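Morning, everyone. Please have the sequence and the model open while I talk.

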Amino acid sequence: MKIPISWLKKYIAFEQEPQNLADHLTMVGLEVEKIDNVGLNWAKDKVVIGEISSIDVHPNAERLRLPTVLLGGISVKVVCGADNLYVGQKIAFAHEGAELLSNRSKKIEVLKSATIRGVESSGMVCSEFELGLSEYSEGILELPPDAPIGMPLIDYLGDNILDIDVTPNRPDCLSVLGVAHEVAALTGGVVSFPNNNYDESDTSIESRIKVKIEDSEKCSRYMLSLIDNINIAESPKWLQDILIKSDVRPINNIVDITNFVMLEYGQPLHAFDFDKIQGGQIIVRSAKAKEFITTLDNQKRNLEPYMVVICDSESPIALGGIMGGDKCEVDGNTKSIVLESANFNQTFIRKTSSELKLRTEASYRFERGLRPELTQHALFRATSLIKEICGGQVAKGFVDIKLEEFISKNVMLSSNDISRVLGVEIDPLEIESILNSLGFSIENKFVDGKKYRFSVIPPYWRSDISIPEDLVEEVARIRGYENIPTKMISSSIPSGNKYSIFNFKESIRDLLVSIGMNETISYNLTNLNDLDKSGFLDKDIPAFKVLNPMSLEQEYFRNSLRPSIFNTLSNNRLLIEKEGVKIFEIGKVFFASNGEEGNFMPSEKEYLVGVLQGKKNIDSWNTVQEEMDFFDAKGIIEHLFFKLNLDLDFFESIDNMFENELSANIICQNDVVGVLGEVNNQIKKNFDLDPSPLLFFEINLEKLNSLSKDKFKKYIPFNIYPGAYRDISLVVDKNIQVGDINKLILQNKLVSESSLVDLYFGKGIPEDKKSVMFSLVFESGKGTLTSNQIEKSLNQMIKKIERKFGAYLRSSKD
Amino acid sequence: MSEVLNIEKIGQITDNAISEISKSVSKDEISNLRVKYLGRKGIIPALLRSIRDVDVVDRKIFGQELNVLKNNLEELFEEKINQNKEDLYLSDKEKSLQDISLPGRKKNVGTLHPTSRVVREICDAFLPMGFQVVEGPEIELDKYNFELLNIPKDHPSRDMFDTFWVDWKNDQGEYPLLMRTHTSPMQARVMETTEPPVRVLVPGKVFRYEATDASHEWHFFQVEGLAVDRGITFADLKGTVYEFARTIFGSDRKIRFRCDYFPFVEPGVDVSIDCFICEGNGCRVCGKTGWIEIMGAGMVHPKVLSSVGYDPEIYSGFAFGMGVERIAMLKYGIEDIRLFYSNDLRFLKQF
């Protein structure tokens, strides 16, 4: 909302500088986003008001003229190209050295004297554009005839315009009077209301037009006045100025006055050409099926039954509360008008304007909810201005159709409300003074020392006050929140939930970061192409999408984190050469699941994905570089599960995203919780990834979290007897799984640890075989083992392995 | 026949050895000399082996002389090494590494996403004040995102939340699902399922249908806070937020509350801290105002309390909500919000 300060001052006197006022308004809830300075560059001695005393012809140029400008005491002759000059005209004159917007460069430039086609010109007569007033650069700015000659233009036209971001609860502040009331509360000033009086003729309005409201749910009040013999013309300069500064385009005096009063009171108005209304009546009703109206913007609008229309005896003439129709439009030939000031239901207005995608200044105000009491004030003010500016006769009386009298609802405010909400006691006199300064009246009061109880009537322009808390806010914001003490909650602390998935995710983040992985976060929305590229399009789980996507790139909810992490990897593929990439993401995936009544419902689950690709270490001097492989990824999963105290196993996986050999399901408590594997070449190609081995893991975190509950790590006491170390080196068929041999070794009761320390193929080993070397720890809780006991146990174990896996000791056949 | 040993020869070898050893500088030179004289195929062992060729009479003397020489050389080598340990003990390769300006070997350093990091910092600031973290769905029902928060259908306050709707119709042909526009729906969800007292924090992703630029993303994070109990007042909100701001932005922060509007609180405020960059003097970050907005807050609206079955006559509470990226941008001096989710590791690895 644009509020020119010069205009605001017509309703409330104040001394504050614009910035100071803006700061105060911002603190009480009217956020001033910026202040436009009109005439910021008009130096007092450089840009002044002048009068054209004579106009000579340019000796060398037909289109140029040489006006002489009176500037109070002196007169100057300059060159001017504008064709709207006349003798006696008041204009804005710029001396040499003035800062003006240049027509050519569109930037501020300092005016220099120049010789134009042989005639010297020192100074110029300015256009609106040159003064920075508008985009209009044709012709010079014409000032009103009473503009004082010689006065600095800044004192006459200069202004500061507040640009206020009005919150949706304050439609009253979409008007200069609403803002004036706020200023009054801040400064202690008194708002002066505009003149609403006018003379009426003898003919009564009732004999001329009848009004009926058929649907009072949608329109609670409908008022009209009627003015005959008006003179349609351009509005006076002062009115146009205010409209322009408020960002409203002047049209003609009638339309301008309705807009002006809307900006003044916040009540939208509409004028109909009376002679175009058929049947001498106006009906306010719901639209009928298949009905339509052509609105003033020349659009044919199909109407729905929830929309409200203003009709004459034949057809709709306006879309109530939003825009007039072309049928009864005021034009240059209009002689009589009826002026509408009505109250429309906010919900239906919003629904209608959303449906028709037609947002107007009127609908913007109505949908925020206006008080029906406002209609009469605006109607009388506009009627009075029309009579004053457009002439004519106002018919006697006015139409006022309403269902019932509007009675202001009292809102109670007690000392208890204040201390209950704010945590501080406030003196009843201070409360009363603040509320009065905002226009509230106290109808009833009970005061007993610090205890009090007020019955408060909100002013007719405020539609946002209905409960005690609303009044508490009024008091608090005007008084200032800095005057409320700072305390700490003193009541008991609620009990907690240590198994929240948030804590679980935080642990996982820390674990992965601690082993050198980088966390990424990406968008929840993706597209069919990316889902397809990661093989997730034709899964059993249907992907679903956003109704109103911003782009086709981000249309579908991701049903997997795979496209996200592969895209992230692809964006960073240059790093793979240099230092390898180890990244993970924790986030939600979305899919349809069975709802309560068997129908599909969108649903979401928390997942973890990670990828590793490229070098194991960052390149450094004297370092041997290796590429990461499947077992680096497996090691991460093992680390994770160990630290989370979860049991872990791996089974072969059938996920077709992986190379066949190197993929596994991650198993926890006999449940598949995720997958791990080396990504196949097709996926790498699809996402334009580096061809080097790409390791991937994915874990369903909600499942894993549910398995991790109530698991505490148990301390295992050390063995007090020393253990003995033995290495065994075995040769087995290549297809025997090392994990199976290890499991068998660990079945031996004396073996407390077994780790694979070497795996070898090649020279010295038959082609279909591999050599595996385990390092074993033998120990017992009962005493130190003798070498006999160990040898015996070891021999039994080797025999078992030989039998089960067809293995033999490497040394035995060397 | 091998060369006949004589005493002069031993003397010559002794002189040579002593001179060479004394001239030697590096560990490598010394060990080479040692091999030359004392090694398995070295000069002294060769002489000792050749002793059988010496006349029987002289053998004993030569043997003694050679052993003395051998022992002397052993001592010399020992001495030489001990004397110059710091210098000579290092191999050439090791010496070349005696350069502390060589860079340290780089480690793969893991990093949390800056958003996760700041979410954690925010939560950590509130946890000591008795708050607990809960999370909610990212796809929400209109009911929780709007209606229970005093934002009815066809209400202009919905303009404050440009919404992505989910393409999914219910049996009534309505679209009841949306991508949550704020973390506030969890206020209603928590209160619906919990008896007071309530003190929760809700971090999470939220979504707004708006064009992106350096300061706007359609996808960002918020942290919501809610405290409800008997007797909670605006003064408690002030204290809680003040404590938070000091933890996150420094202990000498000033704080400012100005009136603002959010449909689910009354009174509603916007909270600013004094600019920690210019100390309140006015700079680009604070828009020359000296103040930086960090969150919206207020007392939970009585309508919200009653809509979830809390009696507003008995219970009261406050709520607040803040944008995580905004706090991260302020803390780390990040100037473009789009960096957060474009996942460039050159950005992510800085945190």
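Domain bounds here come from an automatic or database domain assignment. For chain B that assignment gives domain 1 (7-96) and domain 2 (114-348). Over C-alpha atoms, the centres of domain 1 of chain B and domain 2 of chain B are separated by 83 Å.

Some ground rules. This is a predicted model, where local features need pLDDT of at least 70, side-chain atom pairs count only at pLDDT 80 or more, and totals for chains, interfaces and linings use all residues. Residues are numbered from 1 along each chain as its sequence is written, and chains are lettered from A and ligands numbered from 1 in the order in which they are written.

Chain B overall. Helices (H or I, at least four residues) and strands (E, at least two) are DSSP runs, numbered from the N terminus. Chain B has 13 helices and nine strands. Its radius of gyration, taken over C-alpha atoms, is 41 Å. The C-alpha trace of chain B spans about 125 × 55 × 40 Å along its principal axes.

Burial next. A residue is buried if 20 or more other C-beta atoms lie within 10 Å of its own, exposed if 12 or fewer, and partly exposed in between, with C-beta atoms placed from the backbone. In chain B, 42% of the 351 residues count as buried.

Now contacts. Two residues are in contact if their C-beta atoms, placed from the backbone, lie within 7 Å. How many residues of chain A are in contact with chain B? There are 75, and they meet 69 residues of chain B. Helix 13 (residues 501-514) of chain A gives the largest share of chain A's side, seven residues.

On to the sheets. Two strands pair if DSSP finds at least two bridges between them. In chain B, seven strands form an open sheet in the order 1-4-5-9-8-7-6, with mixed pairing. Strand 1 (132-133) and strand 6 (255-259) of chain B are the edges, each pairing on one side only. Strand 6 of chain B pairs antiparallel with strand 7 (residues 265-274) of chain B over five bridges. There, R258(B) stands opposite D270(B) in strand 7 of chain B.

Angles run from 0 to 180 degrees between N-to-C directions, and axes are lines fitted to C-alpha atoms, for helices over the stretch in contact. Helix 7 (residues 114-126) of chain B lies across strand 1, strand 4 (198-207) and strand 5 (219-230) of chain B, at about 10° to strand 5 of chain B.

Chain A has an open sheet of four strands, order 40-41-39-42, with antiparallel pairing. Its edge strands are strand 40 (751-760) and strand 42 (808-809) of chain A. Strand 39 (residues 724-733) and strand 41 (residues 769-778) of chain A are joined by 10 bridges. L730(A) stands opposite V772(A) in strand 41 of chain A. Helix 21 (residues 787-805) of chain A lies across strand 39, strand 41 and strand 42 of chain A, at about 15° to strand 39 of chain A.

L644(A) sits in the loop between helix 17 (630-643) and strand 35 (649-652) of chain A. Is L644(A) buried or partly exposed? Partly exposed, because L644(A) has 19 C-beta neighbours inside 10 Å. Leaving aside neighbours within four places in sequence, L644(A) is in contact with S507(A) and S708(A).

Conventions
The radius of gyration is taken over C-alpha atoms; the globule rule is 2.2 Å times the number of residues to the power 0.38.
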